[in-house]
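Welcome! Here is a short briefing on charged side chains and how they pair up.

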Amino acid sequence: MDIQKFYETIGVDYNLVLRRLLREHLIDKYLHLFLKDNNFDRLGKALEARDYEEAFKAAHTLKGLSLNLELTPLAEAAAELSAYLRPLTAETLDPDEVEKKYEKVKTEYETIKNLIS
Amino acid sequence: MKSTVQKKTILIVDDAELNRCLLSDILQDDYNIVEACNGKEAIEILKHNDASISLILLDLIMPEMTGFDVLALMQKNHWHETIPVVIISSENSAEYIEKSYEYGVVDYISRPFDPSIVTQRVKNTIILYSKQKELESLIKEQVIEKERNNALMINILSTIVEFRNGESGLHVIRIRIITEILMEALRKRYQEYSMDESHIALISNAAALHDIGKNEIPEEILNKPGKLTYEEFEIMKTHSACGAEMLENLRFGNDEELVKYARQICRWHHERWDGNGYPDHLKGDDIPIAAQIVSLADVYDALVSERVYKPPYTHEQAIQMILNGECGMFNPKLIACLKEVSGHLEQAVKLRSKDPGHLFDVNQLSREIVQKKGVKLSDRTLFLLEQERTKYQFLTSITDEVLFEYDFSTDTITFSDRCRDEFNIPTIVTELFSHNNLRGIIDKEDFQKLTELVYSASPASPTFQTQLIMTTSDGSKEWYEIVGRTLWSNDDQNEQLYSCVGRIANIHRQTIEGRRLEELAQKDSLTNLFNRDAAQKVVGHILETRNQAPGLMILFDLDNFRELNENNGHLFGDQILKHVARLAENNIRKMDIAARVGGNEFMVYLHEVVSEEFMLMYCRMLSIALKQCYQGTEYTISIGAAAYPKDGTSYSELFTHAGQALYESKHSGKNCCTIYRNDGTMQAAFEGAVPE
């Protein structure tokens, strides 16, 4: 997989990535590790079970991971979702909004997943 | 010495493997990395490795235990004081950052992080904290050194004791080690005995003294190769009470914890758990735990060592005998501890004993001390000491004052040499308070007052001063002034009064002189009667205090005094005044007052006169007494009198009325006496007689 191309496809400046993550082979390793991470699944399951606290944690972690790897579109989507979930009370949350934001996250995640594998 | 090449260890705590990986890759070239995927794991790692971890990189949002939970636990266990924590989180809200700092976090790095920043910050933090640790270990080294010296001293002393008992110094060292091992086991299993590190150190040191009472036991009994007779055993048993008594009679250090433990151990290391021990038949936990442990250690060591009366048993045999109850009854908890350590006890004792080289040193030193080859003070110190002594002696010898120094802990007072001449007492007096040993020279009340004065001093105001009467060497009582200063030791919390120094100066002559001068100021210089001011004061005072007793104020003067002066000269006039004053003085009682209140005016105040008739009679008497011839010159006197309280209740009232009476006398031809009446008329008392 051409990492440089991968980043360009998702709209991220590869030089930035390199500057932060330093070595190309490491980036490859990290991306694969990223896929192994289970937080995306956690997020989905939590939302299904309406466990918003759990969902928040998962979304938050996902955000962190994406930021670390400069997966900007996913990071932004995850940030939006986790920010929305932060108040954590089921009453104030609009399930439709949650669903919308989750969809965004899902889309980005799947895109990246496909590109990497 | 720690090798400087050794890498420091960093603990990374984050639930996402990717995050841990990222950090690990940045740091692993320079540090050892340990990872934990959640808070719980992190705590487990810290519990077992808290000394080796130099820094923690901590995520906040984690399952089961969040970063904050970890921080809270760290605070509780005081790990946060020695291990710096850096938070790495994508949480950027001020709230989280603030909260982290409240928990004592050192730094906060947010995601996405820059590897160079992480490296730099980690490095800086670790350097900062390692300096701290270096200082701490320096201090620890010092403490260990000091403790080792203490232990050495105690070992030497107890080895000397052991020599006499025919045992080697090894017994003492082994008892110490076994006691230590048992206490460590006790601490782990039974928290109720509150056994902490300082107790373990103190008790194992004190244990070395457990058999000092054996000094009092005759050698034939101590070293008898066979079984002791009943009488011999009874004597042997006294060594526990004896040893404790020796420690009770210490002049200093009686309250030291070490000594307290030593006393307990000495006295009760032969008590039994069931109360059948000696000397006091203490039972169960009435026996102090220190004594219980040393008792067990002593029994074990006696079993596995050779003695004059038996060969050594093996470790296993000894344990078995103790567990079977063949060698005394012990606290079941202690037995449990013994069982627990039994496996490694033998090796541990061997290991912990100092190596043979050291042992010989201890023995060597002890032998030398026993043969009285003491250690010398440095020559220079001795010389300086001698100089100070010479200076002090000279300075104290050239002064008349007696210098003193009192030590509270020994209740002893020391005086400079002059005390022998001044008070006929020795230079050192012990038991000052306990036996009131200065009662020969200071009486009880004064001493009590002096004591209170000294005790009322404080570090802020340490000096004191007083005057009192002391008995001199020839038995006379004279006035002395004591000036002193209290000396305080500064411990951390409260200042202890430990000594006071000062001087005792004879002020008798000054005091007497002072009093004399005071008196002088009150007297008229020519006649030595009270002067006008003094008269007012004294009589006024009498009037204030004696409200009931009637009194009589008499004013009189010499008639035609000016003529007398002109005819015979002023000197002669003075002489007559003196003469009359003398007569007046001689004709009054001790409690009456005679005064010269003017150039040629005298006052006599009689108090407690009986009645008015007496008044008259007295005036007549006085006029007769006062009128005499002086060296051939005749003179007469005019008198005026007023009574108290009839004619006035204050000095000025009486004085005015008596003066008015006197005026009347003067204008009635002189040489007569007038008594005041407050209705305006005066009572002419009598005509004066003409002198013979």
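D417(B) and R420(B) form a salt bridge, with their closest N and O atoms 3.9 Å apart; the term stands for a side-chain nitrogen of Lys or Arg within 4 Å of a carboxyl oxygen of Asp or Glu. This is a predicted model, in which local features need pLDDT of at least 70 and side-chain atom pairs count only at pLDDT 80 or more, while totals for chains, interfaces and linings use all residues. Residues are numbered from 1 along each chain as its sequence is written, chains are lettered from A and ligands numbered from 1 in the order in which they are written, and side-chain values use heavy atoms, leaving out hydrogens and water.

**Partly exposed pairs in chain B**
- D417(B) is partly exposed at 43% relative accessible area, and R420(B) is partly exposed at 46% (buried is under 20%, exposed over 50%, partly exposed in between, with a 1.4 Å probe and protein chains only).
- D280(B) and R267(B) meet in a salt bridge at 2.8 Å, N to O.
- R267(B) sits in helix α10 of chain B and D280(B) in the loop between α10 (257-268) and α11 (289-304), so the pair ties together parts 13 residues apart in sequence (helices, H or I, of at least four residues and strands, E, of at least two are DSSP runs numbered from the N terminus).

**A buried pair**
- D14(B) forms a salt bridge with R111(B), the closest N and O atoms being 2.8 Å apart.
- D14(B) counts as buried at 2% relative accessibility, and R111(B) counts as buried at 4%.

**The wider picture**
- E80(A), E97(A), K100(A), K101(A) and K104(A) are joined in a salt-bridge network.
- Over all chains, the whole structure holds 30 salt bridges.
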